[in-house]
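Please read the following report alongside the sequence and the coordinates.

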Amino acid sequence: MQDILIISGTRPEIIKLAPLYHCLRGSGWARPHWLHTGQHGEMARQMLGCFEIHPDISLERSGDGLCEFSTCCRGLLDQVLSDTAWSLVIVQGDTESTFLGALSGFHHHIPVAHIEAGLRTHDLERPFPEEGLRQMISRIARFHFAPTERAAQALREEAIARERISVTGNTVIDAQHWAMQHYGIKRHVRGRGHLLVTAHRRENWGSDLREICYAIADVAGNHPDLQVLFPVHLNPTVSKPVHAILGGLTNVCLSPPLDYLQMQQALIDAWLVLTDSGGLQEEAPTFGVPLLVLRTETERPEAIEAGCARLAGTRRASIVGQIEALWSDADTYSAMAHAGNPFGDGKASVRVVERLRDALAYEECKREAI
């Protein structure tokens with residue numbers, strides 16, 4: 001049995017690592033241990049409960065700022081990695097916890113597997129700090145599990161050996177399938193459905209967020225029968241302008257942030273998704289819901305190329321124009337809705353586990369030969 005350490009810190013990491021954890025537990029050759037860094041608190045605990053995961057190791061977060069968290073977490077991770085003969089460290093995505101986990105494994109000469117490797121905008125400021133973190137992780141990881149061929153190509157262009165890269169699909173689709181099976185998620189509304197909006201990214205704070213809100217107000221005014229659901233981030237930098245601009249509109253519901261299952265239900269009941277979130281770009285196509293990206297670039301261009309999403313930018317006129325075009329053009333809307341999901345088929349975790357099984361067995365044979 002191989003002792004494998006899975007490191008998570010934030011809500012999105014938990015979602016995308018949960019199906020892999022369950023797959024490893026059922027593999028017969030791996031003994032996965034879940035470590036939570038504490039980067040996210042209550043949100044993370046809810047998510048762990050949703051996926052029936054009880055962390056084996058929970059670190060206590062120190063400080064509110066990222067620097068304080070990083071300094072403390074790095075020391076605690078060093079202790080954990082020193083205490084056990086780990087065969088592998090698994091990290092996902094591009095958060096501070098992801099980078100710290102990968103760096104700790106690297107310093108201890110433990111192979112690092114990076115889930116969702118190869119996403120790139122090639123602009124270190126967008127998104128910040130995620131683009132820089134994921135590029136650095138790629139320099140030290142042993143196994144690179146790319147969600148798409150485009151992501152794998154990005155890694156190859158950075159001179160990462162082909163044999164270290166596997167195209168698996170994205171485990172976020174596996175998580176959706178798991179949730180649908182375990183919680184019976186299905187469409188509850190008839191007819192068009194609502195406009196689902198999320199906007200919280202740091203690079204959109206300020207004038208861009210206000211432009212987005214004014215665009216939503218325009219659309220809500222043009223279509224009084226269209227219900228708009230906007231789960232609002234708790235950060236006052238986001239919540240204050242959102243409530244100031246949209247709070248008085250009768251067909252706009254400004255709700256607290258949704259938990260994972262509530263968001264999946266909101267997605268499947270939606271007519272259209274308007275978002276600056278990376279994860280929703282991957283999830284909405286599973287339910288055949290077209291998506292407009294509230295950014296000028298995306299590290300998930302596969303959605304644009306497949307036709308299930310479009311870049312709307314952050315300008316009021318552009319956003320309104322694209323929504324109105326989909327409202328009035330049934331054929332274009334239908335083409336987007338039926339484009340399929342380019343990010344996976346729900347079997348990414350199985351592919352990752354099979355690749356790791358073979359690779360770690362090979363490593364073990366080499367050690368025994370020596």
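## Helix α4

In this predicted model, helix α4 comprises twelve residues, 96–107, and its first and last C-alpha atoms lie 16 Å apart, which is close to the 16 Å expected at 1.5 Å a residue. At the start of the helix, a side-chain oxygen of Thr95 comes to within 3.3 Å of the backbone nitrogen of Ser97, while just after the helix His109 adopts a positive phi of about 60 degrees.

How many of the twelve residues of α4 are buried? The helix is mostly covered, with nine of the twelve falling in that class; these are Glu96, Ser97, Thr98, Phe99, Leu100, Gly101, Ala102, Ser104 and Gly105. The elements that cover them include the strands β1, β4 and β5 (112–115), together with the helices α1 (11–25), α3 and α5 (130–140).

The seven strands form an open sheet with parallel pairing, and their order is β3-β2-β1-β4-β5-β6-β7. Because β3 (57–58) and β7 (165–167) each have a single partner strand, they stand at the edges, and one side of each is left without a neighbour in the sheet.

Helix α3, spanning residues 66–83, packs on this sheet, where it touches β1, β2, β3 and β4 (88–92), and its direction makes about 170 degrees with that of β1. Helix α6, made up of residues 149–157, lies across β6 (143–146) and β7, and runs at about 165 degrees to β7.

## Strand β2 and its partners

Strand β2 (residues 30–36) pairs with β1 (residues 2–8) in the parallel sense, over seven bridges. Within this pairing, Gln2 stands opposite Ala30 of β2, and Leu5 has His33 of β2 as its bridge partner.

Is β2 enclosed by the rest of the structure or left open, and why? Five of its seven residues are buried, so β2 is largely enclosed by the rest of the structure.

Note on methods
Residues are numbered from 1 along each chain as its sequence is written. This is a predicted model: local features need pLDDT of at least 70, side-chain atom pairs count only at pLDDT 80 or more; totals for chains, interfaces and linings use all residues. Side-chain values use heavy atoms; hydrogens and water are left out. Two strands pair if DSSP finds at least two bridges between them. Helices (H or I, at least four residues) and strands (E, at least two) are DSSP runs, numbered from the N terminus. Contact means heavy atoms within 4.5 Å. Axes are lines fitted to C-alpha atoms, for helices over the stretch in contact, and angles run from 0 to 180 degrees between N-to-C directions. The expected span of a helix is 1.5 Å times one less than its number of residues. Buried means under 20% relative accessible area, exposed over 50%, partly exposed in between (1.4 Å probe, protein chains only). A polar contact is a pair of N or O atoms within 3.5 Å; within protein, one must be able to donate a hydrogen and the other to accept it, and residues adjacent in sequence count only if both atoms are side-chain atoms.
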